[in-house]
Amino acid sequence: MIEETYIKQRPKSRALYEKALNIFPSGVTHDTRFILPFPIYVSEAKCSRKWDVDGNEYVDFAMGHGALLLGHGREEVINAVREAVLKGTHYGGSSELEIKWGEIVKRLVPSAERVKFTSSGTEATLLALRIARAYTGKSKIIKFHGHFHGWQDYLVVGERPPWELPPVGIPEEVLRTVIALPCDLSILENALKKDKDIAGVIIEPTGGSWAKVPAPDGFLERLRELTKKYDVLLIFDEVVTGFRWSPGGVQGLYGIIPDLTTLAKILAGGFPGGAVAGRKDILEPLEFSLDEDRNQKKKIKHQGTFNANPVSAAAGIACLDIASTGKPQKEASDRAVEIRKALNEIIKAYEVRGCVYGDSSVFHIALGIAPRNFTAGDIRHPMLPPEVLKMGAEKNLARLFQLSMLIEGVDIFHLGGLVSSAHTDEDVEKTVKAFEITVERLRKEGVLK
Ligand SMILES: Cc1ncc(COP(=O)(O)O)c(C=O)c1O
């Protein structure tokens, strides 16, 4: 029933998907967009909403995969971009815009004594590892189960359960340089004690997938102490949380300062861009020397055609100027709390197994599974094992839930959402209604109990 209704409402999306199948593997350009029977094809977006080619309207919780803290088409950002585009889209040279952009990053992000721009978050984590290895002279990296750091070779291992399964297409030699561990301090300390070749530890500071797999309380503080004790670098991957959890990210909120930070998404105001920021001495291997021999032997090579391009820089400056006030973060977080609470009320009222939880301006939905600490209120850390939290629901249940929410005009993302400052009371109401209808529908069809 759900699938038939979904198909019936979207003849144009279906036709586009059929074309796409002849162009892209599985018809999609990003793995997250893959959904059967076919994805929606979006033609326009504004503030908190977007429209597909069939004219269906959605409350958008994908929000540029987290890049759009201010919602779609925020006037200040669009004006800055318009002005920049008219002056050229790539100068093939340095610009004042990149300096202004870098200055704001330095001002907002506590660990940012120096900044190096990249073109994406994946490139930022890749560069951060190279810097950590060059600076320490060591080769291995520790990462945590369920944490996502982009699709680059070193960090895809241990991203989803089963954690040990080697990712496809990555040489064994590469996998030997990365150790994926559970978020457990004693296991971490043992690894740090045993192996003297560890350059750094990288973490999503909220826990994996923007707090979908929350880190235990106090984990970050102890992690900071342990990385200091064993003399390894601590890298915060703040690609999602940067400028969202607070103007200075998670580190700005809790005052736990990493050695290196990776940034993207909100950084570039909805345009492509990333950065590595960190202590001046740690970024020193990126610097040129007058000694050519040192350049040959010690300098990290780093290029990238679109690094700090003027359009992304202009968008980033306009967005970060607004984000620096802390106002959009508060507005978005307040709405996310409302959503988390209201959806849990529905789960309770319908007596189904599930839970809506999260932190800051995000929410995650677990379906068909109930944590021991469920309450019809705001939940931050459901008591469920990390591998269960990471997946959120059995695959077909997750798919039918997403389709049903789309039918009701809500586009959720990874079984959850990233709330923006553009979301309104009406969006919350519409989301709550869509969720209620969906829960009822899934219960009736016997897929949610
Ligand atoms: C925490 C984290 N790190 C890195 C990345 C990779 O960023 P990008 O998609 O810009 O390459 C992502 C993307 O979602 C992310 O969530």
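I count two strands as paired if DSSP finds at least two bridges between them. Helices (H or I, at least four residues) and strands (E, at least two) are DSSP runs, numbered from the N terminus.

Housekeeping: residues are numbered from 1 along each chain as its sequence is written. I'm looking at a predicted model, where local features need pLDDT of at least 70, side-chain atom pairs count only at pLDDT 80 or more, and totals for chains, interfaces and linings use all residues.

Ile-142 has Ile-179 in S6 as its bridge partner. Both strands belong to an open sheet of seven, in the order S4-S11-S10-S9-S7-S5-S6, with mixed pairing. S4 (114-118) and S6 (178-181) are the edge strands, each pairing on one side only.

Next I checked S2 (residues 49-52) and S3 (residues 57-60), which pair in the antiparallel sense over three bridges. Arg-49 stands opposite Val-59 in S3. Four residues sit between the strands of this hairpin, and Gly-55 takes a positive phi near 90°. S3 also pairs with S14 (residues 410-411), in the parallel sense over two bridges. There, Val-59 has Val-410 as its bridge partner.

**Ligand.** Which residues come nearest the ligand? Of the 14 around it, I noted Ser-120, Gly-121, Thr-122, Gly-150 and Val-239. (A residue is near a molecule or strand if its C-beta atom, placed from the backbone, lies within 6 Å of it.) Helix H5 (residues 121-136) gives the largest share of the shell, three residues.
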